[in-house]
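Here is a short tour of a sheet and of a chain-to-chain contact. Please have the viewer open as you read.

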Amino acid sequence: MASLELIDVRKTYGSGHTEVVALDHATLTVGDDEIVALVGPSGSGKTTLLSIAGGLLSPTSGQVRVGGEDITRYTNRQRTRFRRRRVGFVFQQVNLVPFLTARENLLVMPRIAGRRDRAVLERADRLLAELGLTEQAHQLPATLSGGERQRVAIGRALMNEPALILVDEPTSALDTRLGEQVMQLIVDEVTSRHTAAVIVTHDPRMARFAHRRVEIVDGHLHAPAPA
Amino acid sequence: MSLALIELRRRPGRFAAMLAALGFLVVLLLLLGGLLDGLYRGSTGALRAQDADLLVLASQSRDSLLRSVVGPADRRRVAAVPGVRTVRGLGVALVGVTVPGRDEVADGAVLGYEGGVRGVPLPPRPGEAWVDRRLRADGVREGRRLLLGRGRVPVRVRGFVDDTSYLLQGGIWVRLGTWRRVLRQNRPDAALGPRTVQGLAVRVEPGVDPGRVAAAIRRAAGGRLEALTVAAAVDALPGVQAQNSTFRGIISVTLGIAGLVVGLFFALVTLERTVLYGVLKALGASSAQLAVGVATQAVAATLVAFLAGGLVSLGLVALTPADIPVELRADRAVVTFGGLVVAALVGSALSLRRVVRIEPASVIGGA
Ligand SMILES: Nc1ncnc2c1ncn2[C@@H]1O[C@H](COP(=O)(O)OP(=O)(O)O)[C@@H](O)[C@H]1O
Ligand SMILES: [Mg+2]
């Protein structure tokens with residue numbers, strides 16, 4: 001079954017002669033337990049694609065389905081609820097809540113959803129352990145290294161057991177060994193819980209973990225010829 | 001604990017400027033309120049303590065007990081009005097009080113009465129007085145003698161009573177005969193006949209409308225008497241209404257400023273938090289959740305500022321000389337806190353639109 005379906009999606013910013021076509025005729029299907037690497041030059045529409053897939057933006061035209069749920073015409077409120085329940089985002093810039101510890105940053109997700117039970121605390125601790133952050137669990141972001149912060153952001157994205165994981169250029173702050181470990185964690189999540197993931201990356205070591213590579217140029221998607 | 005409160009606790013420095021400004025306004029509000037209460041209660045206690053439905057004064061007195069004279073014939077007419085249950089005579093003399101052993105003369109209000117005063121026992125024996133606790137600051141002690149007025153009429157202090165001042169002078173409650181003596185020896189020109197009083201405290205029969213009795217009293221006295229409710233007589237005291245409206249005006253403006261302080265602070269803070277709020281929205285937080293967070297911080301900051309400002313106010317009042325009539329009261333504190341919370345909520349609501357309009361997509365956007 002498909003976890004993510006983009007059908008002929010177009011996204012434009014602005015209007016009139018300032019209009020920018022960020023995405024055009026974008027059609028992409030990602031199956032559950034599939035990881036897709038999205039590659040393309042800067043300004044080609046990668047973030048826009050992730051934003052539409054994750055319900056942050058509505059497409060100008062076309063259709064978006066996540067886990068069988070058609071989110072194309074969702075209202076703001078519906079999209080907010082959808083993101084809370086179904087999507088795990090790792091943003092291009094690591095945006096942790098600065099006054100919360102690493103562990104508390106993970107617990108922001110259940111907090112937003114109004115959950116605070118044993119299970120979420122256990123999940124947070126397990127994710128921290130898998131991300132190699134147990135010792136840093138009670139540190140504030142300011143005292144963490146860039147790589148540690150990025151891992152906290154990944155942990156946060158996995159907290160709500162999302163149907164779709166969207167990661168925007170994660171490698172910048174990850175050294176190789178940990179980067180691979182973190183990618184392995186995402187792979188495990190995707191395969192063990194029938195989740196789809198789209199990962200924007202330039203790093204071939206990251207792309208190696210993906211099942212498939214999709215290229216994007218000027219808002220157009222291209223599946224590269226099999227190597 | 002909510003994110004908003006965690007932030008307040010972990011980063012108090014960010015809120016310091018607002019807390020300081022709010023704390024200062026709290027002190028201002030509590031001292032203004034305390035002064036208003038002190039002035040009001042000190043001016044009106046003797047009248048408010050009257051356990052009466054109506055206060056009957058001479059029409060010519062323009063509603064002032066001090067200027068009023070009511071003779072025995074009018075008193076009989078009032079007593080005969082249907083619906084009148086009890087009539088008690090009242091008289092007042094503002095005098096200097098000499099406390100033996102003290103150089104300074106204190107201000108007192110000698111009140112002649114026949115009972116029916118809440119918190120004041122029945123009239124003491126001739127030559128004795130129940131004295132308002134306010135006069136303790138002037139050295140008055142139970143069992144000691146006081147000399148009233150220029151005639152130096154001696155009275156012995158039977159005991160203390162509370163909240164019975166008249167025009168900011170401590171009440172000295174004596175039987176009517178003692179009051180007349182004070183008046184005679186103090187102001188021979190103003191001496192009154194043996195049965196004459198200045199006002200009548202009237203209670204009506206149960207179930208009878210005091211307004212109708214008041215009208216009947218006016219008719220029975222052929223227009224020589226005016227009958228007021230006690231509340232109206234309190235309002236008619238010199239300065240009371242002007243004080244109330246002036247202080248209320250200043251207090252309202254101060255509350256408005258508090259709202260503005262909170263409003264400006266959160267307007268700035270919301271700008272600073274655009275990215276944080278955008279991220280939280282991207283993760284699925286609703287605008288309502290974020291707005292509740294802002295309001296929570298506003299109320300919590302108000303509480304902190306109120307506690308700090310309250311302590312400072314208590315300290316300042318303790319240092320205030322006794323002749324400044326400032327009274328910090330729990331009911332005033334509660335009302336002040338309520339007013340501040342409302343002001344803070346209104347102020348923080350000014351940021352609501354900004355919070356709602358933050359677009360998560362544009363905040364987390366590209367590199
Ligand atoms: N909010 C926006 N308003 C206008 N243009 C935008 C906005 N966001 C992105 N764009 C434009 O859309 C195109 C795609 O941007 P983006 O999806 O961020 O690309 P990438 O993530 O691949 O660098 C770029 O030309 C960019 O300038
Ligand atoms: Mg981008």
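## The sheet

In which order do the six strands of the open sheet in chain A lie? The order is β6-β7-β8-β3-β9-β10, with mixed pairing; strands are DSSP E runs of at least two residues and helices H or I runs of at least four, numbered from the N terminus, and two strands pair if DSSP finds at least two bridges between them. At the edges of the sheet in chain A sit β6 (87-90) and β10 (220-222), each pairing on one side only.

Within chain A, β7 (residues 164-168) and β8 (residues 196-200) run parallel and are joined by five bridges. One bridge partner pair is A:L164 with A:A196 in β8(A).

## How the model is read

This is a predicted model, where local features need pLDDT of at least 70, side-chain atom pairs count only at pLDDT 80 or more, and totals for chains, interfaces and linings use all residues. Residues are numbered from 1 along each chain as its sequence is written, chains are lettered from A and ligands numbered from 1 in the order written, and side-chain values use heavy atoms, leaving out hydrogens and water.

## The contact between chains

Chain A and chain B each bring 24 residues to the contact, meaning heavy atoms within 4.5 Å. The chain A side divides into twelve nonpolar, seven polar and five charged residues; Ala, Val, Leu, Ile, Met, Phe, Trp, Tyr, Cys and Pro count as nonpolar, Asp, Glu, Lys and Arg as charged, and the others, Gly among them, as polar.
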